[in-house]
Amino acid sequence: MTVKSVHHINAKYVLIVLTDSEPLPDMMPGQFVEVRVDGDPDTFLRRPISINDVDRENNELHLLVAMVGSGTRHLGQLTEGAMLNVMYPLGNGFTLPTQSPQTGSLTRHLLVGGGVGVAPLLFFGRRIKEMGGEPTFLLGARSASDLLLLSRFEEMGRVFVTTEDGSKGEKGFVTNHSILGKETFDLISTCGPAPMMKAVAAYAEKAGVPCEVSLENKMACGLGACLCCVEKTTDKGNICICTEGPVINSKRIWQN
C-alpha cells in the first residue's frame with residue numbers, strides 16, 4: 001500500500017493513512033493488519049495494528065500506531081509516497097448492532113477504550129452511525145494530553161471521558177464514570193490495557209450486559225501458524241487470538 005500521509009499526534013502516537021490502486025476489501029471493526037517493517041535491522045516479525053478507520057470515499061485505511069519499540073518507531077518515520085507491505089484484513093471483529101423486533105430500534109452499544117486501545121473503536125463507531133445508530137464512547141487516559149483523536153470520536157457519537165489526574169472529564173478510571181450508573185446498554189465492547197478491560201468486564205457481568213474485549217496479544221503471523229498469541233479460555237482450552245479473536249466474549253477469557 002502507498003503511504004498517503006503521516007500525522008504525528010504527539011511524541012508517542014502517529015496516524016498513518018494508507019491507500020491502494022485497487023478498491024479496499026470489506027473490513028469489519030475490530031479486525032487488524034499485519035505490517036512488515038522494512039529497513040529496520042532490529043525488527044524481524046510483522047507488527048499487528050488495529051484498523052483505526054476506513055474512508056471508502058477516498059479509498060483510505062487509517063492506522064493509529066503507538067511508537068513504543070524499534071519497529072513501531074520505524075513506522076513513525078515513514079513519509080508520504082512510501083510503500084508499506086500489509087496483510088489485511090485479519091481476525092474477527094466486533095458484534096454489530098441489531099434491530100429490535102419489538103421497538104424497531106438498534107441495540108445500544110457502549111464502546112470503552114483506553115490508551116491506544118481506542119483505535120478500533122473509531123471504525124466501530126463509524127459503522128454504527130452508518131447503520132443509523134448512535135454509539136456511546138467512554139474513553140480513559142492518564143491526562144488530557146493522552147486522549148487520542150477526541151474530535152474524530154465526537155463526530156461519530158456521544159463521548160464521555162475520564163482522566164486519572166482529572167485534567168479532562170471525570171477524574172478516575174473508566175469504570176468510575178457516572179454514565180455507568182445513569183444509563184443501560186445492550187452490549188459493551190472494550191479495548192485497551194488488560195487491567196482496564198478486566199474491570200470493564202467485571203462491571204458488565206455485574207450489570208448483566210454482554211461484554212466483548214479486543215485482546216492485544218503478540219501476533220507474529222496473524223494466521224494461527226506461529227502460536228505466539230495463544231490464550232487459555234474458560235470453555236475451549238487454548239486458542240489463537242489472531243484467528244478466533246482478537247475480539248472475544250469476556251466470559252471466555254475471564255471468570256469474575
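This is a predicted model: local features need pLDDT of at least 70, side-chain atom pairs count only at pLDDT 80 or more; totals for chains, interfaces and linings use all residues.
Residues are numbered from 1 along each chain as its sequence is written, and side-chain values use heavy atoms, with hydrogens and water left out.

The 14 residues of α5 should span 20 Å at 1.5 Å a residue, which agrees with the 20 Å between its end C-alpha atoms; the expected span is 1.5 Å times one less than the number of residues. Met196, Met197, Val200, Ala201 and Ala204 are the buried residues of α5, where buried means under 20% relative accessible area, exposed over 50%, and partly exposed in between (1.4 Å probe, protein chains only). These residues cover an arc of only 135° around the axis and therefore lie on the same side of α5; the arc is that of the directions from the helix axis to the C-beta atoms. An α-helix has 3.6 residues a turn, so residues three or four places apart point the same way. Pro195 and Lys206, on the other side of α5, are exposed.

The buried residues of α5 pack against β7, β11 and β12. Helix α5 (residues 194-207) lies across these strands and runs at about 170° to β11. Axes are lines fitted to C-alpha atoms, for helices over the stretch in contact, and angles run from 0 to 180 degrees between N-to-C directions; contact means heavy atoms within 4.5 Å.

An open sheet of 7 strands has mixed pairing and the order β10-β9-β8-β7-β11-β12-β15. Its edge strands, β10 (170-171) and β15 (247-249), each pair on one side only; two strands pair if DSSP finds at least two bridges between them. Strand β9 (residues 158-163) pairs with β10 in the parallel sense over 2 bridges, and Thr162 stands opposite Glu170 in β10. Helix α2 (residues 119-130) also packs on the sheet, where it touches β7 (109-114), β8 (136-141) and β11 (187-191), and its direction makes about 160° with that of β7.

## Strand β3 and its partners

In strand β3 (residues 32-35), Phe32 and Glu34 point one way and Val33 and Val35 the other way, and all are buried. Strand β3 is joined by 4 bridges to strand β4 (residues 47-55), and the two run antiparallel. Ile49 in β4 is the bridge partner of Val33.

With strand β6 (residues 86-90), β3 pairs in the antiparallel sense over 3 bridges. Here Leu90 of β6 stands opposite Phe32.

Ser5 is placed in strand β1 (residues 2-8) and counts as buried because its relative accessibility is 19%. Its side chain makes a polar contact of 3.1 Å with that of His7. A polar contact is a pair of N or O atoms within 3.5 Å; within protein, one must be able to donate a hydrogen and the other to accept it, and residues adjacent in sequence count only if both atoms are side-chain atoms. Leaving aside neighbours within four places in sequence, Ser5 is in contact with Leu15, Ile16 and Val17.

Lys236 lies in the loop between β13 (230-232) and β14 (238-240) and counts as partly exposed because its relative accessibility is 49%. Leaving aside neighbours within four places in sequence, Lys236 is in contact with Glu244 and Arg252; a polar contact of 3.3 Å joins the side chains of Lys236 and Glu244.
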